[in-house]
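Hello,

Here is the structure I promised to pass on. My notes follow below it.

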Amino acid sequence: MRSLSDRLATVRRGSAAPSRAVEDRAERLARWFDARLSAEGRGGAVVIERSLSLGAADADALAGLPPACYFDTETTGLSTGAGTVIFLAGLGWVQGDVFVARQYLLPDYPHEAGLLRGVCRELGALRRMVTYNGRSFDLPLLVARLTMNGLFAEMAALPQQHDDLLPLARRLWRRPLGGARLAHVETGVLGVRRTSDCPGSEVPERYFSYLRSGSPDALAEVLDHNLQDIASLALIEAELVRLRAGGWRQAGILDRRGMAIDLLRSGAADEALELLEDAIVACTEPVEAVALRRLATRLLIKAGEVDRAEALWRSGTQRASLDAAAAWIEIARIRERHRSDLHGALEATRAAWRVLDLAFALGRGGGMLSIGKMRLQVSSRRRRLTRRVDAAERRAARRLRVA
Amino acid sequence: MLVNRPASVEDAIAALLADPAVEPLIAAHRVLEAQPPRHAPWPSTIDERIVSALRGRSVEALYTHQAASFAETQAGRNVVVVTPTASGKTLCYNLPVLDAVARDPTARALYLFPTKALAADQLAELRALADAAEIDLKTSTYDGDTPANVRSVVRAAGQVVITNPDMLHAAILPHHTNWFKLFENLRYVVIDELHTYRGLFGSHVANVIRRLRRICRHYGADPIFICASATIANPQDLAQRLIEAPVTLIDDNGAPRGRKHVVIVNPPVVNAQLGLRGSSLLTGQRLAQRLIADGVQTIVFARSRTSVEVLTTYLREALPAPPGHDSPIRGYRGGYLPNERRAIEQGLRDGHVRGVVATNALELGIDIGGLDAAISVGYPGTIASTWQQMGRSGRRNGASLSVMVASSAPIDQFLAAHPDYFFDHSPEHGLINPDNLHLLLDHLKASAFELPVPAVERFGLDETATLLDVLSEDGFLRRADDDRYYWSHENFPASSFSLRSAAQENVVIIDTTGDRHRVIGEVDLFAAPMQVHEQAIYIHEGAQFHVDRLDWDERKAYVTRVDVDYYTDADLGVTLKVLDVFDQTDTGARARGEVMVAWHATLFKKIKFHTHENVGWGPINLPEQQMHTAACWLVLPDAVVARFDRDTLDGALIGLARLARNTAPLLLMCDVRDLGVLSQAQAPFTGKPTLYLYDAVPGGVGLAERLFGIADELVEACRAAVRDCPCADGCPSCVGPMLEVGERGKAACLELLTALA
């Protein structure tokens, strides 16, 4: 059986190139934006070339990164169904201290295959592409469009590496900013202020309006919007480079726990630890403090620094409270698992029990229910540890007798 | 009770039919003799592994219809298989599909079932066969219950995808690029339970298939359609209208059948003067009670959810379970939760459940095995579904019993008096109207979203281009310079309409009796004002719940468990407004057009169990619901109207509406529920007494239009029904009892009909 791409290729070869009238539309659009027609020529997209200058700090930060294409699309709808079309694809590159962008704009629906070929050729020229939410939106949509048009060779040539910045932004900024949409990051972190722009929700209607009237007027702001989108991707990467290089020490708006995870993933375990220990000291939120300590404990134990791990929790055992009991339980766990110190673990468990009694007596433990639950936890751990200690002692006694 | 239990099912049936209390009620009794199997040799081309797998399950040869289906599909022809319940229909499609996958692992098939429950059932059966044949078959259901992580696997690698038309419409076709492996290699499309695709739903599905075929063409596939249907008059015609391609009919059933008694029972006359007969519900209950007590596994079909619950309650009272055991009697209807239904189906198969009371939810091919007896309480509305219900009883060998208990409804009484009509007449036609413009426009939008439409393409009508222009003007499509229409709108069109006539939303029923609230069921939005208005008694699995609060906006009904000796029944008020006249006779006496029908539940009655006396009432305060549909209407001539005073006229009109409601479905071959009837003594539109008949689904499926064409026949049939009825002044079998239509109601109604003729 012939493959789908073969069969579709035949179909495509048979199909007529866009007619004269379509050509006019493309040419008019190109003139309006002082742009050129894409290399596909007849039936291709209009390509608008633009550039922005980068600040020295951003340019320096980006210089060390492997080259990438920053990519974002504007579409006729939000679903990834077969009827949603990419009418504008923005691609951007860093060249020294200039951000160079090429925007592929669709003059009309019949030009789609041309636009897609052009965009894929540019994307495929580099190994890495960077998007914001591209994993669940832009890329699936691009693949859907390529499938619709039978462009399977183009699909195969897409870059191997795709860095979606949305998960990173979520980790680093969602909690302090109250959201991780690109606009949140731009205003809260990058200090970007959009001037000539249109809200994302209006974008599809702008394009429909252009198609109806033939007047490219309404598209100018969409082009600006898209340009800023891809430029912001580069700025986020620059910010990331700085944060990873120690900028986290000065950063005002930053999720410390998220940053620690990020450092950890990029191999900077020591810095991650340093960050965590600072954060624990500064943290006033009990739940967050526990989460930070847990993460730090994991790191320290991996690094073989069991003493430091225990010390992390020690600082939390000072006041008689449920949190202190929880800290003692963590200490017990560390001693049992990572020091094989059963006696020490049992001792810590007893301490947890005492703290609970005290917290209850002082009325600091919250409700009866939470104290009760913790008590059950502590007592079962205590029983288990007692059994293990006894068993170990019996074994030791036997060995002694044999000897 | 159990001491004199008959030795066999055959004996129990014979004893029941000979019982002096039952025998006089038998209006008709036919015996369908046992039929031996007819086999055909294994097709020479079929994969050996499948043959040995079937041999391993003691299938030594194929039945003739199974072999025919295989041969036809191998020759590249579409087929529709029409054989009774439990005749091995499933193999008619599983054989060619499994054979295709065995030969070529890239081959794909798509199965469509009308419900998720059926899909789950068929998945199990197909898997079992593939496993036995040691064929590595990747198959899964794809519906609302499929977990997200399984979905992507099914899309890429599923060889047989089992789904329903709704899912195909809203999830698969609009995202066809994710499914291109399926569409590119699609060999077979299986459409089971074809007869359910009639009326509005069928008209929608026909359009979904148009869309499916467009997508297949785009990816270069041309699948063969295998349809299977219960017995209807026009399976071939329906299949051809549905898929718009030639279809070969296979109706030569080679499966064996045990001896079967088919009986029509008419409840006794309890008031000769009023022509009143005993309740079909109570008669059905007595028959079922006796059969179950005698060890005969029995299914009882009731017409409404309420009667299912009432019957379940009665039977459980009469046949209590031993202490500490679950009752062997179960209710089964829509609104039960899926796991509850699975448990009941399993109980029927393994014999723990001895009796089940069901709505037509069990009419379809859910695998519950053959039961010993099936009792339909009241005529189910069509001959096809009566046979379908009757088909639920029947074993390969050994006797079975099917009973239809006639209610006092005119059709039921007509059938009891003329059983030949039931036994010898052809069953109904499945009617669809895929070119209903409402539907066509919606599906054309969805289709254009899926794939641009060339101006020269034909979608349903020759005037497709006109429709496309309309959609362009409305801003949904854009005609580009390559003469193709592109979807040019932000919305996702497939999500804006549903394939089913019922409302998309359901009202959730929440039991607040215990310390934790729990959801016990759902009712659809149309039925909610009748079933879960405040103070209603909602009956679920035989337990009664009082509706304390109905939060209409949130679609939630809060109920508590109660134990009372009554149930509730709501009255529905209906109004109708003519919006447009499409066609009329010269005098305007008959017309058809578009109308808006509004209905409003206004009050409810409390009705005592067993005595059925009215013990109270209350108001219902819920918003009115509306629909636009097609109607046909008859205006009564002034001359005849002038003969009667207002009260007499009102009575005669009530009688006329009742006659029309019951007679029209026989002429149209549709279900009684598909058609609405309303008479107005002073109709606002015509200014005269008028009888309206309308399609009971939004937009209509062509019933009213057809009635306009056969109005003479309708009037004549109504006239004959009144004229030939032996009662004196009206009875439930013709115009209705005298209490409802007045002393001169019957005579006046006959005069009206004569004037209309």
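**Core, chain contact and a helix pair**

Ala325(A) is in contact (C-beta atoms, placed from the backbone, within 7 Å) with Ala352(A), Val355(A), Leu356(A), Ala359(A), Met374(A) and Val378(A), leaving aside neighbours within four places in sequence.

This is a predicted model: local features need pLDDT of at least 70, side-chain atom pairs count only at pLDDT 80 or more, and totals for chains, interfaces and linings use all residues. Residues are numbered from 1 along each chain as its sequence is written, while chains are lettered from A and ligands numbered from 1 in the order in which they are written.

The largest nonpolar core has 335 residues. Such a core is a set of buried Ala, Val, Leu, Ile, Met, Phe, Trp, Tyr and Cys residues joined through C-beta atoms within 7 Å; buried means 20 or more other C-beta atoms within 10 Å of the residue's own. Ala325(A) and Leu693(B) touch the most other members.

The contact between the chains takes 21 residues from chain A and 21 residues from chain B.

Now the helix pair (helices are DSSP runs of H or I, at least four residues, numbered from the N terminus). In chain B, helix H9 (residues 199–218) packs on helix H17 (residues 437–450) at about 25 degrees, with axes 10 Å apart. Axes are lines fitted to C-alpha atoms over the stretch in contact, and angles run from 0 to 180 degrees between N-to-C directions. H9(B) is therefore roughly parallel to H17(B) (angles under 35 degrees). Among the residues that meet are Arg210(B) in H9(B) and Glu450(B) in H17(B).

Best wishes

Technical notes:
Two residues are in contact if their C-beta atoms, placed from the backbone, lie within 7 Å. A residue is buried if 20 or more other C-beta atoms lie within 10 Å of its own, exposed if 12 or fewer, and partly exposed in between; C-beta atoms are placed from the backbone. Helices (H or I, at least four residues) and strands (E, at least two) are DSSP runs, numbered from the N terminus. Angles under 35 degrees count as roughly parallel, over 145 as roughly antiparallel, 65 to 115 as roughly perpendicular and the rest as oblique.
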